[in-house]
Amino acid sequence: MDDESLSDWANRRAAKVGRLRAMLIVFGDGPRAAHLNPDAPRAIERWNGHTWEPHGFAANLAEARRILYPDANTDPTPAPPTSRPVAPGTGKHRKPDPPRPPRGPR
């Protein structure tokens, strides 16, 4: 069997302690997806190694993201285009991109 050692498991579990998550505060059977209620309040919870415990409160999704990701930029710059520019037209007769080399083993 390829079981991991107990110390490896304990290290992997300890690395997750302190992780934060934002839980949408919705009463009843309403939608719980964050993008559906961006103005709804959130409870910020912290993982203590055994259970999620209350850590804070955010008034909306934007504030929750600032708490969860303090190092992230508020206005991300767009990524540069990775493909070649597309010529005008309907695309039916465009030359396809060259095939990519196969990836190595995973």
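This is a predicted model: local features need pLDDT of at least 70, side-chain atom pairs count only at pLDDT 80 or more; totals for chains, interfaces and linings use all residues.
The chain contains two helices and three strands. Read from the N terminus, these elements follow the order α-β-β-β-α. The chain has 106 residues, and 9% of them count as buried. Its accessible surface comes to about 9,600 Å², and carbon and sulfur atoms account for 56% of that area. Among contacts with a separation of 6 or more, 30% are between residues 24 or more positions apart.

Strand E1 covers residues 20–24 and strand E2 covers residues 42–47. Strand E3, residues 52–58, runs antiparallel to E2, and six bridges join the two. E2 and E3 form a hairpin with four residues between the strands. In this hairpin glycine 49 takes a positive phi near 105°. Across the pair of strands, arginine 46 stands opposite glutamate 53 in E3.

Side chains of opposite charge can pair when their charged atoms come close. In this chain the count comes to three salt bridges.

One of the salt bridges joins the side chains of glutamate 4 and arginine 12, with 2.5 Å from N to O.

Another salt bridge links the side chains of glutamate 45 and arginine 21, at 2.8 Å from N to O. Glutamate 45 belongs to E2 and arginine 21 to E1, so this pair ties together parts that are 24 residues apart in sequence. The two residues fall into separate classes of accessibility. Glutamate 45 has a relative accessible area of 18% and counts as buried because the cut-off for that class is under 20%. Arginine 21, at 29% relative accessibility, counts as partly exposed.

A further salt bridge is made by the side chains of glutamate 53 and arginine 46, with an N to O distance of 3.3 Å.

Glu53 is the residue whose side chain meets that of arginine 46 in a salt bridge.

Arginine 19 sits in the loop between helix H1 (6–14) and E1. In sequence, arginine 19 and glutamate 45 are 26 residues apart, and their C-alpha atoms are 8.3 Å apart in space. Beyond residues up to four places away in sequence, arginine 19 touches Glu45, Arg46, Trp47 and Trp52. At 47% relative accessibility, arginine 19 counts as partly exposed, whereas glutamate 45 is buried at 18%.

Conventions: Residues are numbered from 1 along each chain as its sequence is written. Side-chain values use heavy atoms; hydrogens and water are left out. Buried means under 20% relative accessible area, exposed over 50%, partly exposed in between (1.4 Å probe, protein chains only). Contact means heavy atoms within 4.5 Å. Accessible areas come from the Shrake-Rupley method with a 1.4 Å probe; for residues, only the protein chains shown count as cover. A salt bridge is a side-chain nitrogen of Lys or Arg within 4 Å of a carboxyl oxygen of Asp or Glu. Two strands pair if DSSP finds at least two bridges between them.
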